[in-house]
Amino acid sequence: MRNLPAMKHPPHYSVPARSRGLKPAYKGRMEGRLIPACLAGALFLALALPTAYGWGREGHVIVARIAEDHLTSQAKAGIAALLGAQSSIAGDAVANWADDIRPHRRESKTWHYVNIPFGADHYDAKRDCPPAGCVVDRIGHFARVLADKKAGQETRVEALKFLVHFVGDVHQPLHCIERDNDRGGNECTVIFFHEVRNLHWIWDDELIRRRMHLYPDPIAFADRLDKRITATQTAEFTKGDAASWAGESHRAAREVAYAGVPTTRIKPPLAEDYVRHCGPVAENLLMKAGLRLARMLNTAFEGEHSR
Ligand code: ADE
Ligand code: ZN
Ligand code: ZN
């Protein structure tokens, strides 16, 4: 049985059909007809239950947990001073806070991704990052705010929560690309295990969920990934900055996520082969994100006196 971190969600918590990867037209067809109440109820439960278990949120918790395993005692003390001793960056309320406030903080809408054109070979701030901000420039910004001991407590708490979340987002390949105005695969409809889905959702949620089937608790899954990280990988993974990480993600999107997904309207269906090919790449990116987040947090809290 799945663990129940979802029980932490407020009762009204639900994820729009779009973020479960359902094509809007499909959703409309189901909701637009007069369906007998009991059937509608059963349908609602069938669709709502998985989201109640927090699908789509695991990736951020996994990244934060891996980072937590690599924090210096100084960073741990600094984080405890900001969040309170009981709080962990790997808590759903911290790692996914930026998604929860997105509807109310409209200025943050563009901060979760950067649309590097499909044909480009690297991130170019002038071309890719709009004045409203993008995931690359926000990582730099919030790292600076977090490191600023003169910034107010509330401002630094927000900076910490944004940073934890955005270092995860920049490692999701489809958060760093756009092909044919598809908003990182959000508009790319595919058949995935016989269901109509969008490619973005497969990468946000489903690949990780399928890799987690033996370890449904994201913390246990993260600790298992962490044990696999070698010293060579630690040295290799911690290199670079947000701009180069976005470039790596963009390359993974081109070479892995979009591979076998042509721009034609009719596309070959995706199933086990796609998961077998892409799942390990997604895991690798989660490990990198965790180590890189740890490095950023360790740097931000350098020289800070613990309480
Ligand atoms: N909205 C527009 N482009 C996006 C992308 N690449 N990833 C996530 N959300 C987006
Ligand atoms: Zn996000
Ligand atoms: Zn996403």
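The model is predicted: local features need pLDDT of at least 70, side-chain atom pairs count only at pLDDT 80 or more, and totals for chains, interfaces and linings use all residues. Residues are numbered from 1 along each chain as its sequence is written, chains are lettered from A and ligands numbered from 1 in the order in which they are written, and side-chain values use heavy atoms, without hydrogens and water.

**The chain as a whole**

The chain has 14 helices and two strands; these are DSSP runs, numbered from the N terminus, with helices (H or I) of at least four residues and strands (E) of at least two. Of the 307 residues in the chain, 47% are buried. Buried means under 20% relative accessible area, exposed over 50%, and partly exposed in between, for a 1.4 Å probe and protein chains only. Contacts (heavy atoms within 4.5 Å) between residues at least 6 apart in sequence join residues at least 24 apart in 75% of cases.

**The zinc site**

Donors are N, O and S atoms within 2.8 Å of the metal (3.2 Å for Na, K and Ca); water is not among the atoms, so sites may look incomplete.

H175 lies in the loop between α9 (153–169) and β1 (189–192), and H200 in helix α10 (residues 199–211), so the pair ties together parts that are 25 residues apart in sequence. Both H175 and H200 are buried. The zinc ion (ligand 2) is 6.0 Å from the zinc ion (ligand 3).

**The cysteines**

A disulfide is a covalent bond between the sulfur atoms of two cysteines. Here the cut-off is a pair of cysteine sulfur atoms within 2.5 Å. The structure holds one disulfide, formed by C129 and C134 with their sulfur atoms 2.2 Å apart. The torsion about its S-S bond is about -105 degrees, so this disulfide is left-handed. C129 and C134 are both buried. The sulfur of C176 lies 8.9 Å from the closest cysteine sulfur, in C134, which is too far for a bond.

| Cysteine | Relative accessible area | Class |
|---|---|---|
| C176 | 0% | buried |
| C188 | 5% | buried |
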